[in-house]
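Morning, everyone. Please have a look at the protein on the screen, and I'll walk you through it.

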Amino acid sequence: MKALAAVLSLAGLAGCATFSDDARFSAVEQAVKERTGADTKWTRTDDEANTVRGRVKELLANPLGPTEAVQIALLNNPGLQASYAEVGIAEADLVQASRWQGPRLSFARLKRGDEIETERGVFFDVLGLLTIPLSTRASESRLQATQNRAAAEGLRVALDARKAWFQAVAAQETAAYRAQVKASTEVSAELARRMAEVGNFPKLSYAREQAFYAESVAQLARARHDATAARERLARLMGLWGEDLAFQLPERLPDLPGSLREGGDLEAQALAQRLDVQGARRDADSLAKSWGLTRATRFINLLEVGVLSNTETGQPRQRGFEIELVLPIFDFGSARTARAERLYLQAVSRTVEAAIEARSEMRETYSAYRTAFDLARHYRDEIVPLRKRISEEVLLRYNGMLMSVFELLADSREQVAAANGYIESLRDFWIAESDLQMALTGRSPGASRAMRASTPASAVSGGGH
């Protein structure tokens with residue numbers, strides 16, 4: 001009984017982890033809040049679901065901005081909710097790792113003639129009890145790594161929602177301009193048809209006007225589909241369906257900011273803040289602790305202490321204890337130890353790789369951000385004003401009967417094409433700006449995205465006259 005008391009006292013000293021009220025999710029909430037400025041939540045009860053639903057309805061009541069789109073996605077995206085559940089699972093694993101398996105009971109009854117022998121035993125997994133602290137520390141490291149991955153997934157969804165908002169607004173604005181082009185070419189084609197009917201218009205010029213109109217109809221159809229597709233992608237990221245799909249977007253993209261963010265110490269910020277780098281470090285730390293556990297148990301695979309009590313017919317009761325020790329005669333644990341050590345070295349290499357990639361992505365993403373800003377500013381300050389001045393001169397010449405109506409309409413199409421180019425460059429800037437923000441906190445999927453070239457005016461207008 002003294003052995004039993006000693007084992008039970010060890011169990012009390014080992015202690016057990018318990019389930020927390022927030023399922024260890026507050027660390028994820030804080031990480032996402034610090035990096036996005038928006039709230040996120042793992043919805044686990046009907047009351048929480050109703051609260052989220054009310055918040056989403058409130059945000060959808062007004063025209064949707066990029067900040068509101070990110071907030072809705074962080075609260076309402078079902079895939080993100082599934083990822084957040086991994087934190088709760090990791091917490092359950094931690095609690096399980098901190099708990100001792102407890103005693104194992106055995107009972108045997110043997111009969112020989114009139115003699116009956118009964119054997120009772122209680123066995124305690126002493127090795128499992130002694131290694132609980134090591135197992136708990138390893139599970140804690142795995143929980144922290146899971147929290148990092150969940151926060152990184154939240155940042156990814158926030159980035160995707162922000163970029164999808166800019167793409168949806170840009171596609172909507174482009175479709176509106178394509179409609180203007182179509183209206184312009186329709187007027188030109190109708191005028192050409194009437195003049196051709198009375199023999200006052202060359203057949204080649206008439207065919208060109210009809211071709212321009214046909215092309216503008218096709219371009220408008222594609223632009224409207226692109227706007228629908230971009231809007232649907234935004235809706236999916238925000239987890240919207242049913243009546244919520246009637247959300248409103250502003251008519252145009254935000255203007256360029258007055259100044260650029262300086263490159264400065266962005267690389268250092270990325271190494272300090274990026275969740276993928278932090279996660280790689282935690283994985284290496286977790287494996288290091290697991291390696292220590294493997295080395296501690298390499299020579300003893302199973303150690304159990306048992307309390308026995310035997311009774312036999314006509315004989316006094318037998319009491320005693322039994323120690324069961326499995327010795328690795330053929331397996332001294334060298335393979336398991338070597339595997340654990342090599343897994344750790346692999347994790348260290350991946351941590352170094354993550355740091356190198358973080359610095360490189362930061363430099364590449366900043367270059368894309370700076371280039372997109374310069375292009376959008378060039379369109380705003382040079383191309384669009386030049387097109388406007390040309391249009392004003394063409395209108396003056398037309399009013400002075402020095403240019404034909406077809407030249408006036410052609411110039412109008414080219415001016416709209418320049419405006420479309422500015423829309424695309426402005427969209428690209430805001431997407432690059434979103435990628436830059438993501439590169440500071442996690443792996444940016446836009447680091448290798450090539451800069452899009454705006455469509456030349458001649459491609460839209462179909463050439464000169």
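Helices here are DSSP runs of H or I with at least four residues, strands are runs of E with at least two, and both are numbered from the N terminus. At 35% relative accessibility, A229 counts as partly exposed. Buried means under 20% relative accessible area, exposed means over 50%, and partly exposed is in between, with a 1.4 Å probe and protein chains only.

A word on the model. It is predicted: local features need pLDDT of at least 70, side-chain atom pairs count only at pLDDT 80 or more, and totals for chains, interfaces and linings use all residues. Residues are numbered from 1 along each chain as its sequence is written, and side-chain values use heavy atoms, leaving out hydrogens and water.

Now the overview. The protein has 13 helices and 4 strands. It has 465 residues, and 42% of them are buried. Take the contacts (heavy atoms within 4.5 Å) between residues at least 6 apart in sequence: 80% of those join residues at least 24 apart.

Next, the inside. A nonpolar core is a set of buried Ala, Val, Leu, Ile, Met, Phe, Trp, Tyr and Cys residues, joined through side-chain atoms within 4.5 Å. Which residues touch the most other members of the largest core? They are L64, L234, M238 and F247, in a core of 69 residues. Helix α7, residues 132-197, gives this core its largest share, 14 residues. Another core lies apart from it, with 5 residues, among them L271 and A354.

Look at M238 again. Leaving aside neighbours within four places in sequence, its contacts include L64, F247, A69, I72 and A73. A69, I72 and A73 are also among the buried residues of helix α4. That helix, residues 66-76, is mostly covered, with 8 of its 11 residues buried.

Helix α9, residues 266-273, has L266, A270 and L271 buried. Why do they line one face? Seen down the axis, the buried residues of α9 fall within an arc of 140°, so they line one face of the helix. The arc is that of the directions from the helix axis to the C-beta atoms.

On to charges. A salt bridge is a side-chain nitrogen of Lys or Arg within 4 Å of a carboxyl oxygen of Asp or Glu. The structure holds 19 of them. One joins E433 and R162, at 2.6 Å from N to O. E433 is in helix α12, R162 is in helix α7, and they are 271 residues apart. E433 is buried, at 13% relative accessibility. R162 is buried too, at 15%.

Compare R194 and E190, which meet in a salt bridge at 3.0 Å. They are 4 residues apart in helix α7, so about one helical turn separates them. R194 is exposed, at 53%, while E190 is partly exposed, at 30%.

Finally, a network: salt bridges link R53, K57, E243 and D244. That's my tour.
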